[in-house]
Amino acid sequence: MFELIFLGTSASAPSVRRGLSSAVVLYKEYRFMIDCGEGTQRQLLRSGLGFRRLDRILLTHGHLDHILGLGGLASTFGRWEMIKELDVYGGQWALQRVKALMNVVFGPGHLPLQMNYHEIEPGVIFQDDSFILSAFPVDHRGPGCFGYTFEEKPRRPFLPERAEALGIPAGPIRRQLVQGQTVTLEDGRVIHPDDVLGPELRGARLVFVGDAGRTDNLVEQAWQADALVIEATYCEEEAEMAKQFGHLTAAQAARLAQEAQVKQLILTHISRRYGARRVLAEALPIFPATVVANDFDRFRILKDGRTILLHEEHLEDEEEAT
């Protein structure tokens, strides 16, 4: 199970109701921030998440509306929150932009905390015994753009009825079997994990795409995801402008979700040209399981294919003033 909290859902510039791009994914004790647009640290406080354990930043690309908040966040972390290290993951160009930003904000060699920069390539970038975080390439304006997949590792469920039938006592022996170890009972019988474990079950899978200029190369990455987050900066009447600036329309995002057979589509990076209803009206006829994210919306992505909206920020639905 993953939890996803949107901190900023506006495209390019903030609006009255939407902040610049940022989201946080929660899994067990981990917190991963995806992008950090201007004003993100105030959004963190408003969301109730706060700063605790927020030491991993994933960048989709290096445009300013996705990284500019890192200067203020690093300052707060280093001076007030006693966070000693911040790990920033991204493509080469994005990391170069962040380093330049830090030099402007603090001066060369004067960072208030340890910044660890991780230049990523497609593939696994972080994992533990229960989940994998991987990156994949995305086409946008500029090099080194990435999307991210959060996926629980498949597991075999313990079958207590089989354990009872075999006379396996509760306690450490059962735990060893769950961990894949063969055990020997007091009566000399050897019990293998296959004796008490059921068929392998897939875990929850969340795919997060930032800005993107095409979708044909994303079908495989999004295939049967429990939730797909992706931009919907434009509507179809401005499809040529979307193509010119390397962005998607709501209809393009919906067609990707349909082709990739995802369970839930969550649209973000909404232009001030449109209200949420207009974006949704374009996507829903193509892919009915679509929602438009608002700032502070909180979703729970489950392994059974359900995505639950835990908190919905109700915004007035009118087109934003420029």
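Predicted model: local features only at pLDDT ≥ 70, side-chain atom pairs only at ≥ 80, totals over all residues.
A residue counts as buried when its relative accessible area is under 20%, as exposed when that area is over 50%, and as partly exposed in between.

**Loop residues and their accessibility**

Asp35 sits in the loop that runs between strand 3 (30-34) and helix 1 (40-47). Because its relative accessibility is 2%, and buried means under 20%, Asp35 counts as buried. Its phi is near 65°, a positive value in a residue other than glycine. As background, most residues other than glycine have a negative phi.

Gln224, in the loop between helix 7 and strand 13, likewise is not a glycine and has a positive phi, of about 55°. With a relative accessible area of 35%, Gln224 is partly exposed. A further positive phi, of about 55°, is taken by Gln261, which comes just after helix 9.

Thr215 is placed between strand 12 (205-208) and helix 7, and at 17% relative accessibility it counts as buried. Leaving aside residues up to four places away in sequence, Thr215 touches Leu248, Gln252 and Leu256. Asp187 lies in the loop between strand 10 (183-184) and strand 11 (190-191), and at 52% relative accessibility this residue counts as exposed. The C-alpha atom of Asp187 is separated by 66 Å from that of Gly142, although the two residues are 45 residues apart along the chain.

| Residue | Relative accessibility | Class |
|---|---|---|
| Asp35 | 2% | buried |
| Thr215 | 17% | buried |
| Gln224 | 35% | partly exposed |
| Asp187 | 52% | exposed |

**Helix 9 and its partners**

The buried residues of helix 9 are Ala250, Ala251, Ala253, Ala254, Leu256, Ala257 and Ala260, and they pack against helix 7, strand 13, strand 14 and helix 10.

For the last of these partners the geometry can be given in more detail. Helix 9 (residues 250-260) and helix 10 (residues 276-283) pack at an angle of about 45°, and their axes are 8 Å apart. The two helices are therefore oblique to each other, and helix 9 passes helix 10 in a right-handed crossing. On the side of helix 9, the residues that meet the partner are Ala250, Ala251 and Ala254, while helix 10 contributes Val279, Glu282 and Ala283. Sorted by class, this contact of helix 9 with helix 10 has five nonpolar residues, one charged residue and no polar ones.

**The nonpolar cores**

The largest nonpolar core has 33 residues, and those with the most contacts inside it are Val209, Leu228, Ile230, Leu267 and Val279. At least two residues of this core come from each of helix 7 (219-222), strand 13 (227-231), helix 9, strand 14 (265-268) and helix 10. Helix 9 supplies the largest share, six residues.

Within the largest core, Leu267 is among the residues with the most contacts. When residues up to four places away in sequence are not counted, the residues that Leu267 touches include Ile230, Ala250, Ala253, Val279 and Ala283, as well as Glu231, Thr290 and Val292. Of these, Ala250 and Ala253 are among the buried residues of helix 9, and Ala250, Val279 and Ala283 also take part in the contact of helix 9 with helix 10.

Key
Residues numbered from 1 in each chain as written. Heavy atoms only, no water. Axes fitted to C-alpha atoms, helices over the stretch in contact; angles between N-to-C directions. Helix = DSSP H or I, 4+ residues; strand = E, 2+ residues; numbered from the N terminus. Parallel < 35°, antiparallel > 145°, perpendicular 65-115°, else oblique. Left-handed = near helix turned anticlockwise from the far one by under 90°. Contact = heavy atoms within 4.5 Å. Nonpolar A, V, L, I, M, F, W, Y, C, P; charged D, E, K, R; others polar. Core = buried A, V, L, I, M, F, W, Y, C linked by side-chain atoms within 4.5 Å. Buried < 20%, exposed > 50% of the residue type's maximum accessible area, 1.4 Å probe, protein only.
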